[in-house]
Amino acid sequence: MSRWISDRPKTIVLQPTTLCPMDCGYCYLLQRHLKQEMSPAVAAAIAAGIESSWPPVELVWHGGEPLAVGVTRFRRLLEPFEPLRLAGQVRHQVQTGGGTPITDAWCDVFEQYDIGVGVSLDGPGHLNHRRVDRGGHPMFDRTIAGVETLKRRGIPFSVLGVVSEHGANRAAEVLDFLRDLGTTWVGFNVEAKEGANADATTPSRDRAVRFWRDAFTWCRDHPDMTVREVDKLWGFLGLTRDQRDADARHDLIPTVGWNGDLVLLSPELLGVRSATYGDFVAGNVLSDDLATIARRAAGLSYVQEFAAGLEKCKQTCEFFSFCQGAHAGDRFFEHGTFTATETDHCRNSVQAPILALADLLHERQTA
């Protein structure tokens, strides 16, 4: 396994609550209607398990609406990490969909603990129509109100957006809107079949290519805006072969649930059960420390199968040197196994950007 997967995580996803006040049409979370909250004891156990020999770790508070725990409880969850944060060993990131209002009290927390803020938003109102509350009412105005609070306080924010069938031909419109909104960084997740969204209708690869063509063209004219996928591909093309091969291993991405249960490789596996793999839980941080759980990952069947799937990808896929095998969760949710190779994510978020850029470069050369 060590050839393919590092046991020194760079990202840890933490689920402060399963609850989300929103009911977005493409959400993968199976327990978002339940109010199950992480205790300070679980947070303390996670902090105690982060080893000083690990690279700086990004702690991503996500998986439910993290702000739904409230300011007071969230502060209590952050406190065990303070020595690590002050020593530069961890940095916090919170991803919010706007289901809980971003207030000045929340901005105080973001500033005190130097928390990076990500906002989930798909574009202007008519493209954000699948982000709704539990009554089916649009979240757009409430999300924008939170963004305006961040801007008033001078707190920068990134944006994560979902690209669905409805928005696949509107890349420039979405990017214009997000630039005018005030962000300088955006990442796009092309809708995929995951968890509670297993029956999703994902865009075709041709439509995804159209989206990325437009995104590359837009980025050429707006160099002050970073689009994650565009930036990643340009960065890859600028690397030497040695640089590309230098520890391209996958991150374990330990994801810790509200009760301390920990799954590996894909946050989307948290709370999921399978007849083949059980509940995917590799351990519980209240019983075993993070490093111990990470070291025994090689003994888990789904981790072993993912490593085997990566080997198959390397042998059969012309895009492998760029993506290094993509995501574990997509393999399971689409094919029921981790040894599968090509997925919708591969086609729409790896192959499509490369094909789009190749088309644009070819057009330029022949013009």
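Leaving aside neighbours within four places in sequence, which residues is I50 in contact with?

1. **I50.** This is a predicted model. In it, I50 is in contact with I12, V57, L59, F81, L84, V90 and L290, once neighbours within four places in sequence are left aside.

2. **Main core.** The largest nonpolar core has 105 residues. I50 is one of those that touch the most other members, along with W61, F81, F110, W212 and Y302. Helix α7 (residues 205–221) gives this core its largest share, eight residues.

3. Another core lies apart from the largest one. It has six residues, including C20, C24, Y26 and M139.

4. **W4 and F320.** The count of aromatic pairs comes to 20. In one of them, the ring centres of W4 and F320 are 5.9 Å apart and the planes stand at 85 degrees, so the pair is edge-to-face. W4 lies in the segment before β1 (11–14), while F320 is in helix α12 (residues 320–323); the pair therefore ties together parts 316 residues apart in sequence. W4 and F320 are both buried.

5. **F140 and F177.** This aromatic pair is tilted, with 6.0 Å centre to centre and 35 degrees between the planes. F140 belongs to helix α5 (residues 140–152) and F177 to helix α6 (residues 171–181), so the pair ties together parts 37 residues apart in sequence. F140 and F177 are both buried.

6. **Ring cluster.** Y277, F280, Y302, F332, F333 and F338 are linked into a cluster by ring pairs.

7. **A charge over a ring.** K232 lies over the face of F322. The distance to the ring centre is 5.5 Å.

Definitions and conventions. Residues numbered from 1 in each chain as written. Predicted model: local features only at pLDDT ≥ 70, side-chain atom pairs only at ≥ 80, totals over all residues. Heavy atoms only, no water. Phe/Tyr/Trp six-rings, centres within 6.5 Å; stacked < 30°, edge-to-face > 60°. Helix = DSSP H or I, 4+ residues; strand = E, 2+ residues; numbered from the N terminus. Buried < 20%, exposed > 50% of the residue type's maximum accessible area, 1.4 Å probe, protein only. Lys NZ or Arg CZ within 6 Å of the ring centre and 35° of its normal. Core = buried A, V, L, I, M, F, W, Y, C linked by side-chain atoms within 4.5 Å. Contact = heavy atoms within 4.5 Å.
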